[in-house]
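Subject: Structure for you to look over

Dear colleague,

Here is the structure I promised to pass on to you. Please keep it open while you read the notes below it.

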Amino acid sequence: MIDLRSDTVTRPSPAMLEAMTRAETGDDVWGDDPTVLLLQARVADEAGKEAGLFFPSGTQSNLAAVMAHCGRGDEYIVGQAAHSYRNEGGGAAVLASVQPQPLDNAEDGTIPLERIAAVIKPVDDHFARTRLLALENTIGGKVLPSDYVAEATQFAHGRGLTTHLDGARLFNAAVASDQPLAALAEGFDTVSICFSKSLGTPVGSVLVGSKALIDVAHRWRKVLGGGMRQSGVLAAACLYALDHNVKRLADDHANAARLAEGLAQIEEVKVISHATNMVFAEFPEAECAALEAWLKERGILTQMLYSSRFVTHLDVSADDVDTFVAAVREYFTR
């Protein structure tokens, strides 16, 4: 199947599986799994932070970060379009008793500083205490402008807030902008980096930050059920991805551009945007269900909506993109 639903659908390659079978393991709850320790140290070093902590998911990593920054009755500022606000089950409110203060994202994914300034609460018992600014990079496939990130993190720190970055696809941003991971992580007190998207691992995220914050997050990981035992077999997949699957992200970005160009030539389709490995396009709403079924019959998995997202990844080739575009064109000209 050609699967364009998300970059989370990737499957580990034979070479990655081989690396997993050879992994040296211990008990990570006791802190003595050598492969996990190696991964945590390596990601922290590449991100320019003191320490790292391995999580089973980016959702749990983001939540533990919020809990490390905030206490019960506090709030964090976050974008309306942010994954940690829209797509993670409301965990901050449900499990951490931390109130999200969502704000509309601008077209480029940023949150204008004047909007942030307007919602920072005064110190008063009537209000939740504003503690944290959370951003996301990439967001909707878009790379946050580096000047904005520097300005936003400096502004937040100047107002007494800490900062967190949901960097689930931060390696995509690094490759697209030709910047090192540390440059993109600069200014953030914590950063969550996911390996189970375009990097092709079956599971895993790493939270990086200061040793003090990571120590707090370590306790919350245990409380949230994220303490794993011989998780070196999973960390080995992430280490393999660091060695083999980062530079090739440029191929995904090129394939997304190819996909956008192909769809733009179909009269019934309106391409809204494309950036890094994501393409957003609008289709006639009345045709979406039938088109999705048509594509599935031809070995192509999508989630067809009026406004649809298509995501390229290491299991999608340029030929696959052409096959998808041709199938869409055939549907509308049949």
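The notes that follow go through the annotated positions, the helix contacts and a few details of the backbone.

The model is a predicted one, in which local features need pLDDT of at least 70 and side-chain atom pairs count only at pLDDT 80 or more, whereas totals for chains, interfaces and linings use all residues. Residues are numbered from 1 along each chain as its sequence is written, and side-chain values use heavy atoms, with hydrogens and water left out.

Annotated positions

An unreviewed UniProt entry places the feature "domain: Aromatic amino acid beta-eliminating lyase/threonine aldolase" at residues 3-283. UniProt positions are given here in the numbering of this model, feature names are shortened, and annotations may be inferred rather than shown by experiment. Over residues 3-283 the chain is 42% helix and 19% strand, and the end C-alpha atoms of that stretch are 18 Å apart. Helices (H or I, at least four residues) and strands (E, at least two) are DSSP runs, numbered from the N terminus.

The unreviewed UniProt entry also gives "modified residue: N6-(pyridoxal phosphate)lysine" at Lys197. Lys197 sits in the loop between β7 (190-194) and β8 (205-209), and with a relative accessible area of 14% Lys197 is buried; buried means under 20% relative accessible area, exposed over 50% and partly exposed in between, with a 1.4 Å probe and protein chains only. If neighbours within four places in sequence are left aside, Lys197 is in contact with Asp7, Thr8, Thr10, Ala168 and Arg169, where contact means heavy atoms within 4.5 Å.

Helix contacts

For their geometry, axes are lines fitted to C-alpha atoms, for helices over the stretch in contact, and angles run from 0 to 180 degrees between N-to-C directions. Angles under 35 degrees count as roughly parallel, over 145 as roughly antiparallel, 65 to 115 as roughly perpendicular and the rest as oblique.

The axes of helix α1 (residues 14-21) and helix α11 (residues 232-244) come within 8 Å and cross at roughly 135°, which makes α1 oblique to α11. The crossing of α1 and α11 is right-handed; a crossing is left-handed if the near helix is turned anticlockwise from the far one by less than a right angle, and right-handed if clockwise. On the α1 side Ala15, Met16, Ala19 and Met20 take part, and they meet Val233, Leu234, Ala236, Ala237, Tyr240 and Ala241 in α11. By class, the residues of the contact of α1 with α11 are 10 nonpolar, no polar and no charged, where Ala, Val, Leu, Ile, Met, Phe, Trp, Tyr, Cys and Pro count as nonpolar, Asp, Glu, Lys and Arg as charged, and the others, Gly among them, as polar.

For helix α8 (residues 170-177) and helix α12 (residues 249-264), the axes come within 9 Å and cross at roughly 80°, so α8 and α12 are roughly perpendicular to each other. The contact is formed by Phe171, Asn172, Val175 and Ala176 of α8 together with Leu249, Ala250 and His253 of α12, and the contact of α8 with α12 has five nonpolar, two polar and no charged residues.

The axes of helix α13 (residues 288-297) and helix α14 (residues 318-333) come within 10 Å and cross at roughly 130°, which makes α13 oblique to α14. The crossing of α13 and α14 is right-handed. Ala290, Leu291, Trp294 and Leu295 of α13 make the contact with Phe324, Ala327, Val328, Glu330, Tyr331 and Phe332 of α14, and by class the contact of α13 with α14 has nine nonpolar, no polar and one charged residues.

Backbone details

A cis peptide bond, with omega about 0°, joins Asn137 and Thr138, and Thr138 is found in the loop between β5 (129-136) and α7 (146-158). Ser97, a residue other than glycine, has a positive phi near 55°; Ser97 lies in the loop between α5 (91-96) and β4 (99-103) and, at 28% relative accessibility, counts as partly exposed. Thr276, also a residue other than glycine, has a positive phi near 45°; Thr276 lies in the loop between β9 (270-275) and β10 (278-282) and, at 9% relative accessibility, counts as buried.
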